[in-house]
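Hi,

Here is the model I promised to pass on. Could you load it and keep it open while you read my notes below?

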Amino acid sequence: MTRRPSSSGGARQVRCRCGRPVLRQLVGLRAALDVTADAGPLTAAAAAALREPNRLDWCVRTRKDGPDLAWVDRSHPADCPRPHVIDHQCTAPPAGPPRRRTTRQPPVAEGQLTLG
Ligand SMILES: [Zn+2]
Ligand SMILES: [Zn+2]
């Protein structure tokens, strides 16, 4: 674990591989969660309506250095005036190589190295 001195928090807006703009941030002090949320802001009520057990909504606080996602916990007001975002559900095919390739190259036989 290395701490970057510039990582004072805050969300970065990046483009997901599915093409949608998303906000990415590590949220949480102890067990930080790598959050990818839809960049489009919702109202607190709309985000709460979309919330699922594996899909959380986040309260977006605007700091001087950009947006900052915060947990929506029990103490969070239901009529929060801040914009909220909901976890991004990616429509892109999963990353990683599903197809197998034979990565083993035939070994170069000794004595067959050609120079020049
Ligand atoms: Zn809120
Ligand atoms: Zn995506």
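**What I found**

Let's start with Asp 38, which is buried at a relative accessible area of 9%. Buried here means under 20% relative accessible area, exposed means over 50%, and partly exposed is anything in between (1.4 Å probe, protein chains only).

Before the rest, some bookkeeping. This is a predicted model, so local features need pLDDT of at least 70 and side-chain atom pairs count only at pLDDT 80 or more, while totals for chains, interfaces and linings use all residues. Residues are numbered from 1 along each chain as its sequence is written, chains are lettered from A and ligands numbered from 1 in the order in which they are written, and side-chain values use heavy atoms, with hydrogens and water left out.

**Salt bridges**

Which residue does Asp 38 meet in a salt bridge? Its partner is Arg 55, with 3.8 Å from N to O. Asp 38 lies in strand S3 and Arg 55 in the loop between helix H1 (44-50) and strand S4 (57-63), so this pair ties together parts that are 17 residues apart in sequence. Helices (H or I, at least four residues) and strands (E, at least two) are DSSP runs, numbered from the N terminus.

In total the structure holds five salt bridges, each being a side-chain nitrogen of Lys or Arg within 4 Å of a carboxyl oxygen of Asp or Glu. One of them brings the side chains of Arg 24 and Asp 34 together at 2.6 Å, N to O. That pair links distant parts of the chain, with Arg 24 in strand S2 (residues 21-27) and Asp 34 in strand S3 (residues 33-38), 10 residues apart. Both ends are partly exposed: Arg 24 at 28% relative accessibility, Asp 34 at 48%.

Arg 51 and Asp 57 also meet in a salt bridge, again with 2.6 Å from N to O. Here the two ends fall in separate classes: Arg 51 is partly exposed at 39%, whereas Asp 57 is buried at 3%. There is a network too: salt bridges that share partners join Arg 20, Asp 38 and Arg 55.

**Two zinc sites**

What coordinates the zinc ion (ligand 1)? The donors are Cys 59 (SG), His 76 (NE2), Cys 80 (SG) and His 84 (NE2), at 2.0 to 2.2 Å. Donors are N, O and S atoms within 2.8 Å of the metal (3.2 Å for Na, K and Ca), and sites may look incomplete because water is not among the atoms. The angles among these four donor atoms run from 101 to 114 degrees, which makes the site tetrahedral; for four donors, that label requires all angles to lie between 85 and 135 degrees. For reference, the ideal tetrahedral angle is 109.5 degrees. Along the chain, the donors of ligand 1 follow the spacing C-x16-H-x3-C-x3-H. Cys 59 in strand S4 and His 76 in the loop between S5 and S6 link distant parts of the chain, 17 residues apart. Cys 59 is buried at 1% relative accessibility, and His 76 counts as buried at 18%.

The zinc ion (ligand 2) has Cys 16 (SG), Cys 18 (SG), His 88 (NE2) and Cys 90 (SG) as donors, at 2.1 to 2.4 Å. This site is tetrahedral as well, with angles of 98 to 122 degrees. The donor spacing is C-x1-C-x69-H-x1-C. Cys 18 lies in the loop between strand S1 (12-15) and S2, and Cys 90 in the segment after strand S6 (84-86), so the pair ties together parts that are 72 residues apart in sequence. Cys 18 is partly exposed at 24%, and so is Cys 90 at 34%.

**Strands**

S1, S2 and S3 form an open sheet in that order, with antiparallel pairing; two strands pair if DSSP finds at least two bridges between them. S1 and S3 stand at the edges with a single partner strand each, so one side of each lacks a neighbour in the sheet.

S4 runs antiparallel to strand S5 (residues 66-71) over six bridges, and a hairpin joins S4 to S5 through two residues. S4 also runs antiparallel to S6, over three bridges. There, Cys 59 stands opposite His 84 in S6, and both residues are donors to the zinc ion (ligand 1).

Cheers

Key:
Tetrahedral: all angles 85-135°; square planar, octahedral: opposite > 155°, others 65-115°.
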